[in-house]
Every structure is written in structure tokens, then in C-alpha cells.
Amino acid sequence: MLKLELERTFHDEEKLFPSGIIEELWDKTGGKCMICGKTLVWKNRGKRGSKGAWKIGPICNPISKGYVLSNCEIDCLKCYEQTRL
Ligand SMILES: [Zn+2]
């Protein structure tokens, strides 16, 4: 995927996920990938190729409720791409 496309996706996500939800999830997981348990790095959110890069993503389609704590998870980029792309 082109870098530009990735960045656009990342910025769209910024609007979708209120920062409160992201921080709460991060606290809940202790900064680890919710799929494989890998330790993530807060400042490397969405930074492909960086150590501990991660993304927040929906577990199920949030059409009715929007993104809430119970239907989002924090994943390392590898798991994120394996499950969503
Ligand atoms: Zn993972």
C-alpha cells in the first residue's frame, strides 16, 4: 500500500476514535497488542517500521453504536493488517 494511503487512513481514524477511548484501552491492555500480547510504544501509533508500532481498530462493524470501548482494540501493526486488510 502507498504511504499516502496509509497516512490518509490514519487521519480518518483520528476522527473516528475519541482520544479518551484510546487512552482507556491503552491503560486496560497495559500497552500491549490485544491479539498477540506484544509490547507497544505509545508514540509509534501508526508508524510502520517503528518498534512497537500499533493501531486502534474496530472488533466489529460499528454502524449503529459508533466506536466505543467495547468494540475497539489495540493491535500491533502486524496483527492489525492480518485481521483487517
Ligand atoms: Zn499483535
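Visitor: Does serine 70 count as buried or exposed, and on what count of neighbours?
Guide: This is a predicted model, in which local features need pLDDT of at least 70, side-chain atom pairs count only at pLDDT 80 or more, and totals for chains, interfaces and linings use all residues. Residues are numbered from 1 along each chain as its sequence is written. A residue is buried if 20 or more other C-beta atoms, placed from the backbone, lie within 10 Å of its own, exposed if 12 or fewer, and partly exposed in between. Because serine 70 has 10 C-beta neighbours inside 10 Å, it counts as exposed.

Visitor: What distance separates the C-alpha atoms of serine 70 and leucine 25?
Guide: Serine 70 and leucine 25 are 45 residues apart along the chain.

Visitor: In what order do the elements of the chain run?
Guide: The secondary structure comes to 3 helices and 2 strands. Read from the N terminus on, the order is α-α-β-β-α.

Visitor: Which element has the lowest mean pLDDT?
Guide: pLDDT is the predictor's confidence in each residue, from 0 to 100, and its mean over the chain is 83, with 75% of residues reaching 70 or more. Where pLDDT is low, the predicted coordinates should not be read in detail. Among the elements, S2 has the highest mean, 94, whereas the lowest, 60, is that of helix H1 (residues 3-16).

Visitor: How many bridges pair S1 and S2, and in which sense?
Guide: Two strands pair if DSSP finds at least two bridges between them. Tryptophan 54 stands opposite cysteine 76 in S2, and the bridge partner of glycine 57 in S2 is glutamate 73. S1 and S2 pair over 5 bridges, and the sense is antiparallel.

Visitor: Why is S2 described as largely enclosed by the rest of the structure?
Guide: Cys72, Ile74 and Cys76 point one way from S2, while Glu73 and Asp75 point the other way, and all are buried. S2 is therefore largely enclosed by the rest of the structure, the buried count being 5 of the 5 residues.

Visitor: Which residues of helix H3 are buried, and which strands do they pack against?
Guide: In helix H3 (residues 77-84), the buried residues are Leu77, Cys79 and Tyr80. Seen down the axis of H3, these residues fall within an arc of 165° (taken from the directions from the helix axis to the C-beta atoms), so they line one face of the helix. They pack against strand S1 (54-58) and strand S2 (72-76).

Visitor: How many residues make up the largest nonpolar core?
Guide: A nonpolar core is a set of buried Ala, Val, Leu, Ile, Met, Phe, Trp, Tyr and Cys residues joined through C-beta atoms within 7 Å. The largest such core includes Cys33, Met34, Leu40 and Trp54, and its residues number 11 in all. At least two residues of this core come from each of S1, S2 and H3.

Visitor: What is the C-alpha distance between threonine 39 and cysteine 76?
Guide: Threonine 39 is found in the loop between helix H2 (19-29) and S1, and it counts as exposed because it has 12 C-beta neighbours inside 10 Å. Threonine 39 and cysteine 76 are 37 residues apart in sequence, and their C-alpha to C-alpha distance is 8.3 Å.

How values were computed. Helices (H or I, at least four residues) and strands (E, at least two) are DSSP runs, numbered from the N terminus. Two residues are in contact if their C-beta atoms, placed from the backbone, lie within 7 Å.
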